[in-house]
Amino acid sequence: MQYDENLIRSVVSQVLAEVGSPPPIHNGSGGYSGRHGVFHDANEAVAAAQEAFLQLTERTIEERGRIIDHIRRISIDQSEELGTMEMNETKIGRLEHKIAKLLTLGQRAPGIEMIKTEAFSGDKGLAIIERAPFGVIGAITPVTHSLPTITGNAVSMIAGGNTVVVNPHPSGKRVAAEGVRRFNEAIYNDLGIDNLICVIAEPTLETADAIFSHRDVRLICVTGGPAVARAALKSGKRAVVAGPGNPPVVVDETADLDRAARCIIEGGAFDNNLLCIAEKQVFVVEQVFDAMMSAMERAGAARLNSAEIDRLTSQAIAVVGEGEHRHQVAAKDFIGKDAAVLCAAAGKNVAADVELAFGETDYSHPFVGVEQMMPFIPFVRARDVDHAIAMAKESEHGFRHTSMIHSRDVRNMTKMGRAMDTTLYVKNGASMAGLGLGGEGYLSFSIAGPTGEGVTTPQTFTRERRCSIIENLYVVGSPKNV
Ligand code: NAD
């Protein structure tokens, strides 16, 4: 009789999901070895990741570093090929930035060096606080950075000693699976552990649900918009939620306008405005509004007039939902498209290499409130800096994600920082400077605002454990305590 091995595995893993996993049967290199992390069945993926986790717990921290080095090397050396694959599949953003994202994550995502032990010593002995892994983490990743998010998550999570099962966005599933396959293959060939990073090849809401509810998944990490953020928070598990943003920029009368224009273009045009931290709407004080618009043109952005903005809006902003849930969203056909495509829709011809379009709107314009994720940025006149900050705060919808100010007035910077209360707050730089790209600090593509972890690091994906020894090992204490 012929047996379908995949079918048997799938039935077994469904049963295991219901009754819990028994200890894995080790066949030397692991029961799921050779799959290189690519699975169709969510239960099977979790079982493979759990098996890999148990193997990882037997390895040294130095070996974790070696595993991460493979992810870094592939991300860097194959950034062009994988970035092109991501561009061809998702059809949003800009190729050079798809490549740059993989390169940067490979080079700069923090690894094992971020895992810190704390110690308390005194008359009563010594307590050390160490960082332990959770186990298998369930991750959801966005279409805007499919493989880059997996890369950053994998580095952080494995540095913390975890393994991960990813449900990628369906429109970025192929590059996700190929990247994961390459990472696992290299790790397996060197260290003999497979499936440290697992991915669902045909992701659906059902496979996401199966991951969320699986008893062997100890932590969830989602990166995406409002729907997935809500779903993670309702999952009943601890969740690290990297949710949506709508980052505003304020420009006051003291700002270096040419520098502000260059920064807004650099951040707002990167990957055609797909970054969650990217500049989405700008509030400029009346006194320098016209000068700022001229600075944007000098810096190379294409200015649309109000009729052109109307034409673009009628095509690039859609309405979804019924009744009280009816709201405006960015139209799928325009998300992540080039500025030249947006300008053409507006009825304006510009060179293909124009990075950003912009124009004056009022506060109530859809481009102000909608997270557009396309390289058209509305500029709104403000009476003064207080008015600009108030509009900036309201337009951010309380996501508390990212905001920017261009100013030389420290009081205005302070006032806006306090009012916005955002996870990232950049002064006189492009948005990505808040992730250490042109500013200080470290990088991650999962910025957890709603649940408070901020820019995620390996430490985010660890549990605190305390180990105490009583009345001993306080070696600098007085002899009478021994
Ligand atoms: P999206 O919300 O449409 O999808 C994100 C992921 O969630 C996808 O894998 C999708 O399949 C999944 N998903 C959606 N609804 C779900 C549900 N109910 N249950 C389970 N999974 C669900 O977002 P997108 O277009 O892929 O990405 C853009 C969004 O992500 C923007 O809102 C952006 O601000 C946000 N984002 C945030 C960060 C951050 O670090 N905070 C980083 C990147 C992107």
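Colleague: Which strand holds isoleucine 405?

Modeller: Isoleucine 405 sits in strand 16, residues 402–406. Helices (H or I, at least four residues) and strands (E, at least two) are DSSP runs, numbered from the N terminus. This is a predicted model: local features need pLDDT of at least 70, side-chain atom pairs count only at pLDDT 80 or more, and totals for chains, interfaces and linings use all residues. Residues are numbered from 1 along each chain as its sequence is written, and side-chain values use heavy atoms, with hydrogens and water left out.

Colleague: Is isoleucine 405 buried or exposed?

Modeller: Buried, because its relative accessible area is 0%. Buried means under 20% relative accessible area, exposed over 50%, partly exposed in between (1.4 Å probe, protein chains only).

Colleague: What is isoleucine 405 in contact with, leaving aside neighbours within four places in sequence?

Modeller: Val250, Asn412, Met413, Met416, Tyr425, Val426, Lys427 and Asn428. Contact means heavy atoms within 4.5 Å. As for proline 248, 157 residues separate it from isoleucine 405 along the chain, yet their C-alpha atoms are 8.5 Å apart.

Colleague: OK, alanine 330. Where is its place?

Modeller: Strand 13, residues 327–330. Alanine 330 has a relative accessible area of 14%, so it is buried. Beyond four places in sequence, its contacts are Ala316, Ile335, Val370, Glu371, Gln372 and Met374.

Colleague: Switching to helix 3. Where does isoleucine 67 lie?

Modeller: In that helix, which covers residues 61–77. Isoleucine 67 has 0% relative accessibility, so it counts as buried. Setting aside neighbours within four places in sequence, its contacts are Leu56, Ile158, Ile187, Leu191 and Leu196.

Colleague: How far apart in space are isoleucine 67 and leucine 54, C-alpha to C-alpha?

Modeller: 15 Å, and 13 residues apart in sequence.

Colleague: What about histidine 70?

Modeller: Histidine 70 also lies in helix 3. At 14% relative accessibility, histidine 70 counts as buried. It is in contact with Ala186, Ile187, Asp190 and Leu191, leaving aside neighbours within four places in sequence.

Colleague: Now the backbone. What is phi of asparagine 195?

Modeller: Near 65 degrees, a positive value in a residue other than glycine. Asparagine 195 is in the loop between helix 7 (173–191) and strand 6 (197–200). Its relative accessible area is 1%, so asparagine 195 is buried.

Colleague: And phi of asparagine 273?

Modeller: Positive, about 75 degrees, although asparagine 273 is not a glycine. Asparagine 273 is in the loop between helix 10 (257–269) and strand 10 (281–285). With a relative accessible area of 0%, asparagine 273 is buried.

Colleague: Zooming out. How is the protein chain divided into domains?

Modeller: Domain 1 is 38–243 + 456–466, and domain 2 is 248–440. Those bounds come from an automatic or database domain assignment. Over C-alpha atoms, the domain centres are 31 Å apart. Across the two, 13 residues of domain 1 are in contact with 15 residues of domain 2.

Colleague: How many helices and strands in the protein chain?

Modeller: 16 helices and 20 strands. Of its 482 residues, 56% count as buried.

Colleague: What share of contacts between residues at least 6 apart in sequence join residues at least 24 apart?

Modeller: 74% in the protein chain.

Colleague: Last one, what box do the C-alpha atoms fill?

Modeller: Roughly 75 × 70 × 45 Å, taken along the principal axes.
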